[in-house]
Amino acid sequence: MDWAPHDFIVNHTPKEALALLHFKHRTFNSTDLSYFLEWFRWYYQTHDSLEDAFADSMNAGDMNTEKALVGFHNLFFSLPEYPARTRKHIATPERGSSCKRINMYLRWMVRKDNAGVDFGIWERIKPAQLLCPIDLHVERVAETLGLIQKGQANWKGALELTNRLKEFDAEDPVKYDFALFGLGIMEGIGK
């Protein structure tokens with residue numbers, strides 16, 4: 001993609017796409033990549049930002065981004081004849097997933113910080129609506145600190161953790177994500 005993924009997605013030729021035919025990373029293969037390219041090309045024909053793909057499914061008064069995550073998943077698989085195997089690569093709360101990667105992405109795009117970690121370039125979703133990305137490390141630390149019940153690195157756990165973090169800062173509960181993750185990785189808390 002010559003370090004210009006947006007330009008490639010919007011303007012690539014079928015011949016240029018052939019170069020990606022043998023792409024594979026873990027369980028993500030060329031079938032998945034082809035559909036991602038097709039969907040993003042379709043989407044960017046009428047939108048300038050992915051913000052709409054999430055925010056259009058939400059209301060300003062929503063407590064969290066659940067509707068945004070479900071809406072994005074449904075929009076992503078709205079093109080005819082999408083590969084069934086590709087569905088596993090886009091998480092949704094409807095399947096009980098914690099949606100860790102997408103919640104992390106939303107955090108980067110919505111939150112503004114002075115450290116340069118979070119870009120804060122989207123404005124339609126508020127930091128108070130974000131959900132804490134929960135993975136194994138965050139789950140272990142949150143359990144150890146009594147923030148969530150044991151064994152909840154799932155959608156229920158993401159909701160429970162975020163609601164507990166809102167007790168500390170209702171306007172920006174996700175700001176604690178990096179600290180929880182760091183305690184799990186660097187300090188080994190919860191092992």
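# Salt bridges and helix contacts

Student: How many salt bridges does the count come to?
Tutor: The model is predicted, and its residues are numbered from 1 along each chain as the sequence is written. A salt bridge is a side-chain nitrogen of Lys or Arg within 4 Å of a carboxyl oxygen of Asp or Glu. By this rule, the count of salt bridges comes to 11.

Student: What pattern does the chain follow along the sequence?
Tutor: Helices (H or I, at least four residues) and strands (E, at least two) are DSSP runs, numbered from the N terminus. The chain has 9 helices and 2 strands. Read along the sequence, they give the pattern α-α-β-β-α-α-α-α-α-α-α.

Student: What radius of gyration does the chain have?
Tutor: The radius of gyration is taken over C-alpha atoms, and the globule rule is 2.2 Å times the number of residues to the power 0.38. For 191 residues, a compact globule would come near 16 Å. The chain agrees with this, since its radius of gyration is 18 Å.

Student: Which residues are linked in a network of salt bridges?
Tutor: Aspartate 118 also meets arginine 111 in a salt bridge (2.4 Å, N to O). Arginine 111 is buried at 9%, and aspartate 118 is buried at 4%. The network links Arg107, Arg111, Asp118, Asp172 and Asp177.

Student: Are helix 3 and helix 5 roughly parallel or roughly perpendicular?
Tutor: Axes are lines fitted to C-alpha atoms, for helices over the stretch in contact, and angles run from 0 to 180 degrees between N-to-C directions. Angles under 35 degrees count as roughly parallel, over 145 as roughly antiparallel, 65 to 115 as roughly perpendicular and the rest as oblique. The axes of helix 3 (residues 30-44) and helix 5 come within 11 Å and cross at roughly 105°. The two helices are therefore roughly perpendicular.

Student: How many nonpolar residues does the contact of helix 3 with helix 5 have?
Tutor: Contact means heavy atoms within 4.5 Å, and Ala, Val, Leu, Ile, Met, Phe, Trp, Tyr, Cys and Pro count as nonpolar, Asp, Glu, Lys and Arg as charged, and the others, Gly among them, as polar. Tyr35, Phe36, Trp39, Phe40, Trp42 and Tyr43 in helix 3 meet Phe72, Leu75 and Phe76 in helix 5. By class, the contact has no polar and no charged residues, and the number of nonpolar residues is 9.

Student: How many charged residues does the contact of helix 7 with helix 9 have?
Tutor: The axes of these helices come within 8 Å and cross at roughly 90°, so they are roughly perpendicular. His137, Val138 and Val141 of helix 7 make the contact with Asp177, Leu180, Phe181, Leu183, Gly184 and Ile185 of helix 9. By class there are 6 nonpolar and 2 polar residues, and the number of charged residues is 1.

Student: Which residues is threonine 92 in contact with, leaving aside its neighbours within four places in sequence?
Tutor: Threonine 92 is found in the loop between helix 5 (66-76) and helix 6 (100-110). At 1% relative accessible area, threonine 92 is buried. Its contacts, with those neighbours left aside, are Val70, His73, Ser97 and Cys99.

Note on methods. Predicted model: local features only at pLDDT ≥ 70, side-chain atom pairs only at ≥ 80, totals over all residues. Heavy atoms only, no water. Buried < 20%, exposed > 50% of the residue type's maximum accessible area, 1.4 Å probe, protein only.
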